[in-house]
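Keep the sequence and the structure side by side while reading.

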Amino acid sequence: METLEPTIQGFSGDGWKSPDPTGVDDRTKLAEGAPEAASDLLGPPAANRHRLQDERSAITHHFAFGGHEGYLTVGFYPNGQPGEIFIRMAKAGSTIAGLMECFGTVVSVSLQHGVPLKVLCDKLSHTRFEPSGWTGNAEIGYAKSIMDYLFRWMELRFLSGKQLSLFGQGNGEISARGELTPGLVDESQFLYDIGDAPPCVACGGLMKPSGTCYTCLNCGQTSGCS
C-alpha cells in the first residue's frame with residue numbers, strides 16, 4: 001500500500017496560506033535597518049538625564065497659608081537654571097509630607113530630563129483644591145492650592161525677568177551706602193490681618209469689610225448687605 005506523506009501547500013481564497021519568507025525577511029530588515037523609525041512609532045525618543053553637581057547652590061523659600069506652612073528649596077545648575085526642588089511640609093512620616101516629597105522628586109527628575117520650567121508652571125498654576133488662602137505676598141495674593149502657590153512663585157522668581165533680591169528684602173531698594181529704602185506700601189499687604197473676611201465667590205480673592213458687607217479688592221464683587 002502506498003503511504004501518503006502530508007505536504008504543506010499554498011491555497012488561495014479562504015483556505016490556509018503558507019508563510020511568505022520574502023515578507024518575513026522584509027519585516028526583519030525593516031525593524032533592523034530603521035530602529036529610529038520604529039521607536040518613533042512606539043513612543044517618544046529616549047531622553048538623557050543631566051544630574052546636578054555634587055555641590056550646588058540653592059535657595060529656600062518659606063510659605064504659609066490656609067493653616068499650613070512649609071519650605072520650598074530650589075537647587076541650581078552652574079548656569080543658574082533650576083534643576084531640582086524639595087518640598088518640606090507637616091511632620092515627617094505624615095501623608096502630606098510623603099506626597100510633597102514624592103512630588104518634588106517627580107518635578108526634579110522632569111527638570112533634569114529637559115522639561116522646561118515654564119511648561120510645569122503653565123500646567124500646575126491655578127489648580128484649585130484645599131488648602132487655600134491668602135499668602136501674605138502682594139504679588140501672588142490668594143493661593144488656590146499648594147501647587148498654585150509653588151509654581152506661581154517659581155514663575156515669578158525665575159521666569160518673570162524681574163531682578164528680585166536674593167534674600168527677600170521686600171519691595172525696598174538698596175542705596176549706594178547699603179541702606180534699605182522702603183518702597184511703596186501696598187494696601188493688599190495688610191489683608192492677612194483680616195481673619196474673618198470671606199473669600200470672593202467670583203475670583204477667590206480675600207474680601208475686606210465695607211460697611212455691613214464685604215467688597216473684593218480684585219474684581220469689586222460684594223457679598224451683599226443684610
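Does Asp 122 count as buried or partly exposed? At 47% relative accessibility, Asp 122 is partly exposed, where buried means under 20% relative accessible area, exposed over 50% and partly exposed in between (1.4 Å probe, protein chains only). This is a predicted model, in which local features need pLDDT of at least 70, side-chain atom pairs count only at pLDDT 80 or more, and totals for chains, interfaces and linings use all residues. Residues are numbered from 1 along each chain as its sequence is written, and side-chain values use heavy atoms, without hydrogens and water.

Asp 122 forms a salt bridge with Lys 118, with 3.7 Å between the closest N and O atoms; a salt bridge is a side-chain nitrogen of Lys or Arg within 4 Å of a carboxyl oxygen of Asp or Glu. Both residues lie in helix H4, four residues apart; helices (H or I, at least four residues) and strands (E, at least two) are DSSP runs, numbered from the N terminus.

The structure holds three salt bridges. In another, Glu 84 pairs with Arg 56 at 2.6 Å. Glu 84 lies in strand E3 and Arg 56 in the loop between H2 and E1, so this pair ties together parts 28 residues apart in sequence. Glu 84 is buried at 9%, whereas Arg 56 is partly exposed at 34%.

The largest nonpolar core has 25 residues; such a core is a set of buried Ala, Val, Leu, Ile, Met, Phe, Trp, Tyr and Cys residues joined through side-chain atoms within 4.5 Å. Helix H5 gives the most to this core, with seven residues.
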